[in-house]
Amino acid sequence: MNSPMIYELHKPSQVEPNKTYPAIFVMHGMGSNEQNMLPIVDGLEERFYIFSVRGPLSQPPGFAYFSIQGFGKPHREVFDHAIIQLTSFIDYATEQYPLNHDHLYLLGFSQGAILSMTLGLTLGNRIKGIVALSGYIPGFVKEEYSIKPVDQLSLFISHGELDTVLPYQWGLESNDFLQGLGAQVTFQSYSEGHTVSLKNQKDFTKWILDNLSQ
């Protein structure tokens, strides 16, 4: 089976036979690529299979998963297709690699965070945890998508208070929406713009490792 998307895989240096491993699916922001996200999950590869997935659209100097028609408004058809492609990639990875299907995580920044939270809603409790860095949930996802139960889903949502690309308020709204559905949400704010600080990275890394042991 061929992969539906281009990706970079980092995995434990010693993979034991007949053992399954937790996995993190990493998604970048607009104009970035699968390599740029790997430093923020550095050190986790000895515990996880880490799949950093490239967006399918050219967006110089890198790539994107979907295009935008206005502020906070993805092109619906392109966005829907991205969700289908990423779902297919998760299916592919779980079939091709020795992954623990009860310990699948999504991690994304900006566009990647938007997609991570949306995938959490469409896949529901199939996903154990999500790290959503500086994202939001599109209105049409909240209003029109078929949302699965998320009562077993945990999320770490973070947003910069000084974010001028995607407003801080959108992070608060994501927190409220997901909590309203029964998801277990940890929300962290930082005195930053549209970026991932070292403190943010340390906080979500600890959150992932704590969640893994639960």
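**Exercise 1.** Determine which ring face Lys142 lies over.

*Solution.* A charge counts as over a ring if NZ of Lys or CZ of Arg is within 6 Å of the ring centre and within 35 degrees of the ring normal. Lys142 meets this over the face of Phe177, at 5.3 Å from the ring centre. The model is a predicted one, in which local features need pLDDT of at least 70, side-chain atom pairs count only at pLDDT 80 or more, and totals for chains, interfaces and linings use all residues. Residues are numbered from 1 along each chain as its sequence is written, and side-chain values use heavy atoms, with hydrogens and water left out.

**Exercise 2.** Classify the ring pair of Tyr136 and Trp170 and locate both residues.

*Solution.* Rings of Phe, Tyr and Trp (its six-membered ring) pair if their centres lie within 6.5 Å; planes under 30 degrees apart are stacked, over 60 edge-to-face, the rest tilted. The structure holds 19 such aromatic pairs. For Tyr136 and Trp170 the centres are 4.8 Å apart and the planes at 65°, so the pair is edge-to-face. Tyr136 lies in the loop between β9 (129-133) and α3 (139-144), and Trp170 in helix α4 (residues 168-180), so the pair ties together parts 34 residues apart in sequence. Helices (H or I, at least four residues) and strands (E, at least two) are DSSP runs, numbered from the N terminus.

**Exercise 3.** Decide whether Tyr136, Trp170 and Val15 are buried, partly exposed or exposed.

*Solution.* Buried means under 20% relative accessible area, exposed over 50%, partly exposed in between (1.4 Å probe, protein chains only). Tyr136, at 6%, is buried. Trp170, at 17%, is buried. Val15, at 33%, is partly exposed.
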